[in-house]
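Student: Could you walk me through the side-chain packing of this protein? I would like to go from the overall picture to individual residues.

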Amino acid sequence: MLSQIMQNQLLLTKPWEQFRAELHQYVNKGNALKNQPVNSDEEFTEIESKRLSWDRDGFEWLKNSFNNEINPLVIELNNIAANNFTVHFSSPSLKDQLFQFAGRIQTKVNFLLLKERLFSISDAIISPGLLQLNERAGMTLKQKQRFILEKLFDLYDDNFYPIEDILVGNGIKLNRNSEADELATTLKKSGHLEIRQFLGQKVTAQLTAKGAMLIEESRQPVLENYDDIRFSAAELSKKIDDLKAGLDKLGLATKYYITKCRNLKTYIIN
């Protein structure tokens with residue numbers, strides 16, 4: 001099962017930081033084209049040729065950046081380009097052409113920057129060697145819901161992110177085609193997510209303030225305070241030793257509890 005997950009997993013063929021740097025270089029080239037002044041039809045023809053070259057370079061770059069050349073990112077980008085056109089019944093003015101020109105570039109730039117954010121929390125894509133696939137492949141539905149909230153907290157902004165991509169991009173196995181959508185819908189009902197879904201597209205979501213507070217509180221460090229303890233140091237030390245001995249006998253002396261006991265004894269002695 002794990003080998004099948006990795007076989008179907010989208011993976012970078014280069015270090016994450018290199019991919020990010022290349023992405024921003026590509027975005028900067030697009031923005032430079034968009035901001036270049038154009039004052040005539042001849043100048044527009046020349047800069048439109050440069051935009052088409054920028055497009056082709058982007059597709060080749062994305063194909064070579066992942067283990068699968070015909071990957072979802074390339075397909076999505078191609079669909080964006082195909083849908084970005086306007087039918088004119090007369091020759092468009094230079095102003096109209098420039099408006100469409102800038103819009104085509106901006107659409108791709110926005111798409112790539114959003115994907116960069118999504119990839120930044122997709123462990124299976126950018127750092128598969130550090131991934132605990134055994135643990136994630138066996139996640140319960142509750143654990144998957146919690147994982148969604150954790151990752152959306154790391155992405156906390158005004159954007160909506162595809163829930164299925166978050167799960168799959170982190171090596172989490174989905175047992176049904178509709179599982180990601182159902183998990184998101186349940187979290188919406190509990191007030192932790194806002195979701196969006198357009199016809200034929202995946203459910204996207206963002207964390208609500210309630211969801212963000214849940215994760216924020218769980219990540220706050222616990223400050224231990226022993227000032228209200230009313231036993232003598234000797235009595236407390238004995239009670240701690242008795243507690244540890246009892247846990248040892250029951251086989252429950254985990255590293256966590258042993259550390260707690262040591263911290264408390266250190267406080268008492270000092």
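This is a predicted model: local features need pLDDT of at least 70, side-chain atom pairs count only at pLDDT 80 or more; totals for chains, interfaces and linings use all residues.

Student: Fine. How many helices and strands are in the protein chain?

Tutor: The protein chain has 13 helices and 3 strands. It has 270 residues, of which 36% count as buried.

Student: And what share of the contacts join residues at least 24 apart in sequence?

Tutor: The share is 70%, taken among contacts between residues at least 6 apart in sequence.

Student: On to the rings, then. How many aromatic pairs are there?

Tutor: The count comes to 8 aromatic pairs. In one of them, the ring centres of Phe19 and Trp61 are 5.1 Å apart and the planes meet at 15°, so this pair is stacked.

Student: Where do those two sit in the chain?

Tutor: Phe19 is in helix 2 and Trp61 is in helix 3; they are 42 residues apart, and the pair links distant parts of the chain. Both Phe19 and Trp61 are buried.

Student: Why is the pair of Tyr26 and Trp61 classed as stacked?

Tutor: The planes of Tyr26 and Trp61 are at 25°, with ring centres 5.9 Å apart, so the pair counts as stacked. The cut-off for stacking is planes under 30 degrees apart. This pair also links distant parts of the chain, with Tyr26 in helix 2 and Trp61 in helix 3, 35 residues apart.

Student: Are those two buried or exposed?

Tutor: Tyr26 is buried, because its relative accessible area is 8%. Trp61 is buried too, because its value is 12%; the limit for buried is under 20%.

Student: Which residues do the ring pairs link into a cluster?

Tutor: The cluster consists of Trp16, Phe19, Tyr26, Trp54, Trp61, Phe66 and Phe119. As a separate matter, Arg196 lies over the face of Phe160, 3.9 Å from the ring centre.

Student: Switching to charges: how many salt bridges are there?

Tutor: A search of the whole structure finds 17 salt bridges. In one, the side chains of Glu22 and Lys14 meet at 2.8 Å, N to O. Lys14 counts as buried, because its relative accessibility is 17%.

Student: And what about Lys115 and Glu76?

Tutor: Their side chains form a salt bridge at 3.3 Å, N to O. Lys115 in helix 5 and Glu76 in helix 4 are 39 residues apart, so to speak of sequence, and the pair links distant parts of the chain. Lys115 counts as buried at 10% relative accessibility, whereas Glu76 counts as partly exposed at 30%.

Student: Where do Arg146 and Glu150 lie?

Tutor: Both lie in helix 8 (residues 141-154), 4 residues apart, which is about one turn of the helix. Elsewhere, salt bridges that share partners join Glu48, Arg51, Asp55 and Lys108 into one network.

Student: Last topic. Where is Ser122 found?

Tutor: Ser122 is in the loop between helix 5 and helix 6. At 1% relative accessibility, Ser122 counts as buried. Its side chain reaches the backbone oxygen of Leu118 at 2.8 Å. Neighbours within four places in sequence aside, Ser122 is in contact with Gly169 and Asn170.

Conventions
Residues are numbered from 1 along each chain as its sequence is written. Side-chain values use heavy atoms; hydrogens and water are left out. Rings of Phe, Tyr and Trp (its six-membered ring) pair if their centres lie within 6.5 Å; planes under 30 degrees apart count as stacked, over 60 as edge-to-face and the rest as tilted. Buried means under 20% relative accessible area, exposed over 50%, partly exposed in between (1.4 Å probe, protein chains only). A charge sits over a ring if NZ of Lys or CZ of Arg is within 6 Å of the ring centre and within 35 degrees of the ring normal. A salt bridge is a side-chain nitrogen of Lys or Arg within 4 Å of a carboxyl oxygen of Asp or Glu. A polar contact is a pair of N or O atoms within 3.5 Å; within protein, one must be able to donate a hydrogen and the other to accept it, and residues adjacent in sequence count only if both atoms are side-chain atoms. Contact means heavy atoms within 4.5 Å.
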